[in-house]
Amino acid sequence: MVLSDLDAWFVSEVLPMEAALTRFLRRNWRDDAEVPDLRQDVYVRIYESASRSMPDQVKPFVFATARNLLIDRARRAQIVSIEIIADLDALDFSADELTPERHAAGRGELRLLQTALDALPSKCRRVVEMRKIDGLSQREVATQLGITEDTVERQVSRGVRALADALLSGGVQLDTKAFGRAQNERRLSP
């Protein structure tokens, strides 16, 4: 018997999590006798969803599916314990576990972002910091810096675009000449 790609994916990626999934269901459902049925329902949902589109990350997908199934079941129950709903809402299953690798990668991205922010022209950097980091409104930034709201909008747009380009390229390659040309063109236009 030849397994389809979906079947092979399911066997190699989802089924090895059966013990963890069973523990999750037992810990978060009131009736242990229903756990095998719940697990099968989770598998059905996962298989049907994966047949439409394969998930990028399997573990978060499996546990999110299980959590959603438990919430659906609790909502449909005739007598719903307030404790069950509170427990399901308070579930702190982090789909994005903070592993040492993710921690190091995040710190690297933060350093890259800070370097890119420091490489922005000073006016643009200040506007981006005030809008995106300090959380000030466009009007507040314009008032504090003595510039127009249109200037704030343009500077934020340019700055965020430059930061995104730097993060996507994996390095800081801000073209300060391009900033200068854009500012000169703006001054020259009527």
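This is a predicted model: local features need pLDDT of at least 70, side-chain atom pairs count only at pLDDT 80 or more; totals for chains, interfaces and linings use all residues.
Me: What makes up the secondary structure of the protein?

Reply: The protein has ten helices and zero strands.

Me: Which residues of H3 and H4 meet?

Reply: From H3 come Leu38, Asp41, Val42, Arg45, Ile46 and Ser49. On the side of H4, they meet Phe61, Val62, Thr65, Ala66, Asn68, Leu69, Leu70, Asp72, Arg73 and Arg76. By class, the contact of H3 with H4 holds eight nonpolar, three polar and five charged residues.

Me: Why is H7 described as roughly perpendicular to H9?

Reply: The axes of helix H7 (residues 122–133) and helix H9 (residues 149–169) cross at roughly 95° and come within 8 Å. An angle of 65 to 115 degrees counts as roughly perpendicular. The value of roughly 95° lies in that range, and H7 is therefore roughly perpendicular to H9.

Me: Which residues form the contact between H7 and H9?

Reply: Lys123, Cys124, Val127, Val128, Arg131 and Lys132 in H7 meet residues of H9, namely Thr151, Val152, Gln155, Val156, Gly159, Val160 and Leu163. The contact of H7 with H9 comprises seven nonpolar, three polar and three charged residues.

Me: How do you know whether Leu110 is buried or exposed?

Reply: Leu110 belongs to helix H6 (residues 100–119). Its relative accessibility is 55%, and exposed means over 50%, so Leu110 counts as exposed. Along the chain, Leu110 and Leu167 are 57 residues apart, while their C-alpha atoms are separated by 9.5 Å.

Me: What share of the protein is buried?

Reply: Of the 190 residues in the protein, 30% are buried, that is, under 20% relative accessible area. The accessible surface comes to about 12500 Å², and carbon and sulfur atoms account for 51% of that surface.

Me: How many of the contacts join residues at least 24 apart?

Reply: Among contacts between residues at least 6 apart in sequence, the share joining residues at least 24 apart is 63%.

How values were computed:
Residues are numbered from 1 along each chain as its sequence is written. Side-chain values use heavy atoms; hydrogens and water are left out. Helices (H or I, at least four residues) and strands (E, at least two) are DSSP runs, numbered from the N terminus. Buried means under 20% relative accessible area, exposed over 50%, partly exposed in between (1.4 Å probe, protein chains only). Contact means heavy atoms within 4.5 Å. Accessible areas come from the Shrake-Rupley method with a 1.4 Å probe; for residues, only the protein chains shown count as cover. Ala, Val, Leu, Ile, Met, Phe, Trp, Tyr, Cys and Pro count as nonpolar, Asp, Glu, Lys and Arg as charged, and the others, Gly among them, as polar. Axes are lines fitted to C-alpha atoms, for helices over the stretch in contact, and angles run from 0 to 180 degrees between N-to-C directions. Angles under 35 degrees count as roughly parallel, over 145 as roughly antiparallel, 65 to 115 as roughly perpendicular and the rest as oblique.
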